[in-house]
Amino acid sequence: MGALAYLARRFVAGENMADALIAVHALNSKGVAASLDLLGEDVSSKEDALIAQKAYLELLHQINAKNAKSNVSLKLTQMGLDVDEEFCYATVKAIVEEAGSYKNFVRLDMEGSAYTARTISMFMRLFKDHKNVGAVLQAYLHRSENDAKALAAIKAPVRVCKGAYKESSSIAFMSMNDIRNSYKSMVQILIEGGSKVAIATHDEKLITWALDWTQDNHIPKDQFEFQFLYGLKRSRAKDLASQGYQVRTYIPFGTHWMPYFFRRLRERKENVFFVLKGLFED
Ligand SMILES: Cc1cc2nc3c(=O)[nH]c(=O)nc-3n(C[C@H](O)[C@H](O)[C@H](O)COP(=O)(O)OP(=O)(O)OC[C@H]3O[C@@H](n4cnc5c(N)ncnc54)[C@H](O)[C@@H]3O)c2cc1C
């Protein structure tokens, strides 16, 4: 293993499925569910997309066989969105159907803004016939509040995150205050519309707000869950689970860890610090 790959282990569970399933079981034993993400994006051939599809089908099989409490998350560009949209639809549909046969769930991660509209319309198309598929919205985008309204209207399951890509101020909020306000309003719109919402953030201000708002409004604990990224907020995840909240950790694994790892490092100087220090407990 190279030095960078070693450092990336802070955020990536390993290079293969067996490593990933060990990480899932460790979390499950603390009452925390998982969402497994086979790392990969920007695939430029149908062959590569089909390799990723095959791996996801095997992953769903393994999750079921090992009785692991985990769903899966995937990126449409890994399934050929840039190659051929119809092909991508068929590729993802087969994964969603396989997941359905195991009563499992597939989350379509949200990528950079060049993909927002296509990802939402692909989600809508899949969700019409398959209720075991979920979307993601990014609070930093100006458009997301309207998207939240559209998804709430069909009670779609939605993960709300701040957004991890570099976007321009013409389409995205730049101040943390605006992003947090957008985040809160999207969570409210979605929960009030009857969607199951995944509150995906490490931001303690937003987590505390969500705990207070859901309590004050008597929102049942099964209408939302907290989600964290692997390697972050481990004690918070355990604590929330022990208080009866649904908690899920997003676990990336695989050999294509580089773009994911650098997104995490870019995000916060603390992440660089954690990695360099090898400080594995939070
Ligand atoms: C489960 C999950 C799924 C995601 N899926 C997507 C997706 O599909 N598409 C997408 O664009 N983005 C996704 N993201 C990433 C997300 O958009 C943000 O880029 C990322 O979560 C950072 O924002 P934040 O809200 O967590 O907190 P930040 O804005 O990074 O930080 C806010 C506060 O959190 C605390 N904090 C942050 N990092 C650390 C740390 N390492 N250690 C300790 N405290 C810390 C600090 O107190 C900080 O002030 C996902 C995130 C999660 C948790």
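Predicted model: local features only at pLDDT ≥ 70, side-chain atom pairs only at ≥ 80, totals over all residues.

Trainee: OK, how do the residues of the shell around the ligand divide by class?
Mentor: There are 11 nonpolar, 6 polar and 9 charged ones.

Trainee: And which residues are the closest to the ligand?
Mentor: C161, A164, A200, T201 and Q227, out of 26 that surround it. A residue is near a molecule if its C-beta atom, placed from the backbone, lies within 6 Å of it.

Trainee: Which elements each supply at least two residues of that shell?
Mentor: β4 (133-138), β5 (158-161), β7 (224-229) and α11 (269-277). Helices (H or I, at least four residues) and strands (E, at least two) are DSSP runs, numbered from the N terminus.

Trainee: Where is confidence lowest in the chain?
Mentor: In α11, at a mean pLDDT of 68, while β5 is highest at 99. pLDDT is the predictor's confidence in each residue, from 0 to 100. The chain averages 94, and 96% of the residues score at least 70.

Trainee: On to packing. At what angle do α3 and α4 pack?
Mentor: About 10°, with the axes of α3 (residues 46-65) and α4 (residues 85-101) 9 Å apart. That makes α3 roughly parallel to α4. Axes are lines fitted to C-alpha atoms, for helices over the stretch in contact, and angles run from 0 to 180 degrees between N-to-C directions. Under 35 degrees counts as roughly parallel, over 145 as roughly antiparallel, 65 to 115 as roughly perpendicular and the rest as oblique.

Trainee: Which residues meet there?
Mentor: K46, A49, Q53, Y56, L57 and L60 in α3 meet F87, T91, A94, I95, E98 and A99 in α4. Contact here has C-beta atoms, placed from the backbone, within 7 Å. By class that contact has 8 nonpolar, 2 polar and 2 charged residues.

Trainee: What about α4 and α5, how do their axes cross?
Mentor: At roughly 45°, coming within 11 Å, with α5 covering residues 116-129. So α4 is oblique to α5.

Trainee: Which residues are in that contact?
Mentor: Y89, V92, K93 and V96 from α4, with M122, R125 and L126 from α5. The classes there are 5 nonpolar, no polar and 2 charged.

Definitions and conventions:
Residues numbered from 1 in each chain as written. Nonpolar A, V, L, I, M, F, W, Y, C, P; charged D, E, K, R; others polar. Contact = placed C-beta atoms within 7 Å.
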